[in-house]
Amino acid sequence: MKFEILTIFPDFFRGPLDYGIVRRAREAGLIEIAIHDLRAYTHDRHRTVDDRPFGGGEGMVLKPEPIFECLEAMKVAPRAERLREDARETVVLLSPQGQMFTQSVAQELVARERVVMICGRYEGVDERVSEFLADREISVGDFVLSGGELGAAVIVDTVSRLVPGALGNAASAQQESFTTHAGEVQERGENEPPSSTCGSGGLLDYPHYTRPAEFRGMPVPEVLVNGNHDEIRRWRRRKALEKTRANRPDLLRGAELSGEDRKILEEIERGK
């Protein structure tokens with residue numbers, strides 16, 4: 001899988017993408033990352049990439065010419081071809097006005113072989129880039145960054161973890177918060193060893209503990225050390241539901257909830 005990033009600050013990516021899973025995936029040849037300097041596609045001695053907005057207003061706007069020329073030089077597939085469901089490439093514009101980036105969007109992007117990201121800057125990007133060049137706009141949150149570079153790094157990291165072989169244990173990505181896979185809680189036999197990778201079904205992840213069993217008077221919950229695997233699974237599911245209800249109740253509307261889950265939620269609401 002190849003990520004390509006268009007930016008006016010190519011040196012920004014020397015640090016964020018050189019560590020952890022992303023670095024290991026690059027070294028293993030699972031992903032490739034290319035950075036394109038938009039100033040290389042300007043034609044004046046000042047290498048101008050921005051200009052004042054038509055109609056007045058504050059700030060400066062990234063010009064369309066360098067972005068279009070850069071994409072053309074990269075020989076990206078035609079937009080009509082990229083918009084097909086089975087497309088191998090996609091072009092993303094990082095923008096506060098974009099669709100919210102979620103785990104589901106990451107799962108969509110990992111199905112592509114080539115993801116091109118355009119990093120906005122200043123007041124924004126000439127709208128013709130969004131209308132006629134990019135396939136979609138993506139925002140990493142309801143806030144405004146100085147530019148799209150941080151967002152692009154977030155997307156590369158999130159999507160890279162989903163590339164087969166990127167994680168030491170491929171099952172590790174199945175349980176994580178927001179992952180919309182059906183849980184294994186109902187699939188595993190009674191008292192079988194609990195799977196830390198049972199699907200969260202769109203909930204937040206359950207709490208995790210490790211050694212020592214007691215630290216500064218704070219013990220690990222007894223249920224996790226008593227050896228009853230069925231109780232452990234139930235405890236984990238309850239805690240995931242509790243945390244989701246407390247921190248992100250909006251996720252419950254789209255989560256994969258069983259009858260048992262709904263019963264647990266009723267108990268939580270009654271304070272039991």
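Tutor: Ala, Val, Leu, Ile, Met, Phe, Trp, Tyr, Cys and Pro count as nonpolar, Asp, Glu, Lys and Arg as charged, and the others, Gly among them, as polar. This is a predicted model: local features need pLDDT of at least 70, side-chain atom pairs need 80 or more, and totals for chains, interfaces and linings use all residues. Residues are numbered from 1 along each chain, and side-chain values use heavy atoms, without hydrogens or water.

Student: How do the residues lining the largest pocket divide into nonpolar, polar and charged?

Tutor: A pocket is an open set of points on a 1 Å grid where a 1.4 Å probe fits, with protein on both sides within 12 Å along at least five of seven lines; lining residues have an atom within 4 Å of a point. The largest one here has a volume of about 420 Å³. Of its 26 lining residues, the closest to the centre are Leu 94, Ser 95, Pro 96, Gln 97 and Gly 120. The lining divides into ten nonpolar, eleven polar and five charged.

Student: Which element gives the largest share of that lining?

Tutor: Strands are DSSP E runs of at least two residues and helices are H or I runs of at least four. Those giving two or more residues to the lining are strand 5 (89-100), strand 7 (124-125), helix 5 (127-132) and strand 8 (136-139). The largest share, five residues, comes from strand 5.

Student: Are Arg 114 and Glu 89 buried or exposed?

Tutor: Buried means under 20% relative accessible area, exposed over 50%, and partly exposed in between (1.4 Å probe, protein chains only). Arg 114 comes in at 13% and Glu 89 at 18%. So both count as buried.

Student: Which residues are linked with Arg 114 and Glu 89 in a network of salt bridges?

Tutor: The model's salt bridges come to 23 by this rule. Some of them join up into a network that includes Arg 114 and Glu 89.

Student: What separates Arg 238 from Glu 242 in helix 8?

Tutor: The two form a salt bridge, their closest N and O atoms being 3.2 Å apart. They sit four residues apart in helix 8 (residues 229-247), so the separation is about one helical turn.

Conventions
Points joined across faces, edges and corners; volume = space filled by probe spheres on them. Salt bridge = Lys/Arg side-chain N within 4 Å of Asp/Glu carboxyl O.
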